Amino acid sequence: MAQSATTPTAIPAKKAVAEPGLFADYATLFKLRVSVMVVITAGAGFYLGSLASGISPFHAGMLQALAGIAVVTCGSSALNQALERRTDALMRRTSNRPMAAGRISLAHGLLLGFAAIFLGSLYLAQTTNLLTGTLTLLTAVGYVGIYTPLKRITVVNTFIGAFPGALPPLIGWTAVRGVIEWPAVALFAILFVWQFPHFMAIGWMYRDDYAAAGIRLTPTQPDVNFAARSTVIQSLFYAVLMVPVSLWPTWLGVTGRVYEVVAAVLSLAYLWYTIRFARITQSPNAQASRNYARDLLKASVIYLPLLMAAMMLDAKGRLLF
């Protein structure tokens, strides 16, 4: 039956989307998933350093070290978002972050960030040692003060940013040992090299978003074919390098042969996904290229925890409880 012209047409009301609460906004501001990964890698360094010292890693000192590292990491994330609030607002994947959306003010974010970095570093210096507190503070300075501004200036920012990104396991080691030693350097090298295929995959997945916000990355270079080739070359270089670097702890006597075999298998699998990612050079604008990047990203986030777990399970030293 035809509806009368005088009868108003019913228009379904749009469901109101509730804004995140303050605690949810804090979780985003502090990048909790990233912070958890930092704590895990720092914990691995603490664990290995404890075994090297002949002591149990399971004591109050571990909780104190990881708590301090977590607080500084959260503060760094807050300051990072304070500096990037305008660029975050231009990207779909970050436009709803609390500072980009205006739900947390600049003053609020800055206060939280500076307080967390200062108090967390001071806490570490008092409860662990001065070296650990200083390294953690320098990590925050490098991430917020150097890497973040460089993202709008040069594609070299990825290389620079890999340094603070690789320091957590080294910091975990120094929290126990009080000095920087070759096993700690090996842990740093593993995190440093691992980051490049990981970040290249992220950069390629969101290259349009990053380009719109003016973020300078290898994948966002104007010539898409050149960008694809450069992205693949860097990814492959570091994925190949990952194989010997992942075996370094065994060569230093930190782990046994079981870890060596597991690390070799995992690293070759990581390399395989990176080689598969190289297909983006065939059709850079195709959706399939994003799929290859997404698969490499998934492989990278599975690879690192498995590698760290194998390292800890096969670490040499007496585990005391």
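**View A. Helices H7 and H9 are oblique to each other.** On this scale, angles under 35 degrees count as roughly parallel, over 145 as roughly antiparallel, 65 to 115 as roughly perpendicular, and the rest as oblique. The structure is a predicted model in which local features need pLDDT of at least 70 and side-chain atom pairs count only at pLDDT 80 or more, while totals for chains, interfaces and linings use all residues. Residues are numbered from 1 along each chain as its sequence is written, and side-chain values use heavy atoms, leaving out hydrogens and water. The axes of H7 (residues 157-166) and H9 (residues 182-205) come within 9 Å and cross at roughly 135°. Axes are lines fitted to C-alpha atoms, for helices over the stretch in contact, and angles run from 0 to 180 degrees between N-to-C directions. H7 makes a right-handed crossing with H9; a crossing is right-handed if the near helix is turned clockwise from the far one by less than a right angle, and left-handed if anticlockwise. Look for Thr158, Phe159, Gly161, Ala162, Phe163, Gly165 and Ala166 on the H7 side, and for Phe188, Leu191, Phe192, Gln195, Phe196, Phe199 and Met200 on the H9 side. Contact means heavy atoms within 4.5 Å. Sorted by class, the contact of H7 with H9 has 10 nonpolar, four polar and no charged residues. Ala, Val, Leu, Ile, Met, Phe, Trp, Tyr, Cys and Pro count as nonpolar, Asp, Glu, Lys and Arg as charged, and the others, Gly among them, as polar.

**View B. The protein chain has 13 helices and zero strands.** Helices (H or I, at least four residues) and strands (E, at least two) are DSSP runs, numbered from the N terminus. Taken along the principal axes, the C-alpha atoms of the chain fill a box of roughly 85 × 45 × 45 Å. Of its 321 residues, 49% count as buried. Buried means under 20% relative accessible area, exposed over 50%, and partly exposed in between, with a 1.4 Å probe and protein chains only. Among contacts with a separation of 6 or more, 72% come from residues 24 or more positions apart.

**View C. Helix H2 meets helix H8.** Their axes come within 7 Å and cross at roughly 35°, and the crossing is right-handed. From H2, the contact includes Val38, Thr41, Ala42 and Gly45, and from H8 it includes Pro168, Pro169, Gly172 and Trp173. By class, the contact of H2 with H8 has 10 nonpolar, six polar and one charged residues.

**View D. Helix H9 is roughly antiparallel to helix H13.** The axes of H9 and H13 (residues 287-313) come within 7 Å and cross at roughly 160°. H9 passes H13 in a left-handed crossing. The residues of this contact divide into 18 nonpolar, three polar and two charged.

**View E. Helix H3 is largely enclosed by the rest of the structure.** Why? Because 17 of the 24 residues of H3 are buried.

**View F. Lys31 sits in the loop between helix H1 and helix H2.** Is Lys31 buried or exposed? With a relative accessible area of 16%, Lys31 is buried. Its phi is near 45°, a positive value in a residue other than glycine. Most residues other than glycine have a negative phi.

**View G. Thr255 lies in the loop between helix H11 and helix H12.** Thr255 is buried, with a relative accessible area of 1%. Not counting residues up to four places away in sequence, Thr255 touches Pro249, Thr250, Met311, Asp314, Ala315 and Lys316. Within H11 you will find Leu247, which counts as buried at 11% relative accessibility. Leaving aside neighbours within four places in sequence, Leu247 is in contact with Glu260, Ala263 and Ala264.

**View H. Ile215 belongs to the loop between helix H10 and helix H11.** Ile215 counts as buried, at 4% relative accessibility. Which residues does Ile215 contact, leaving aside its neighbours within four places in sequence? They are Lys151, Arg152, Tyr210 and Thr220. Ile215 and Ile153 are 62 residues apart along the chain, and their C-alpha atoms are separated by 7.9 Å.
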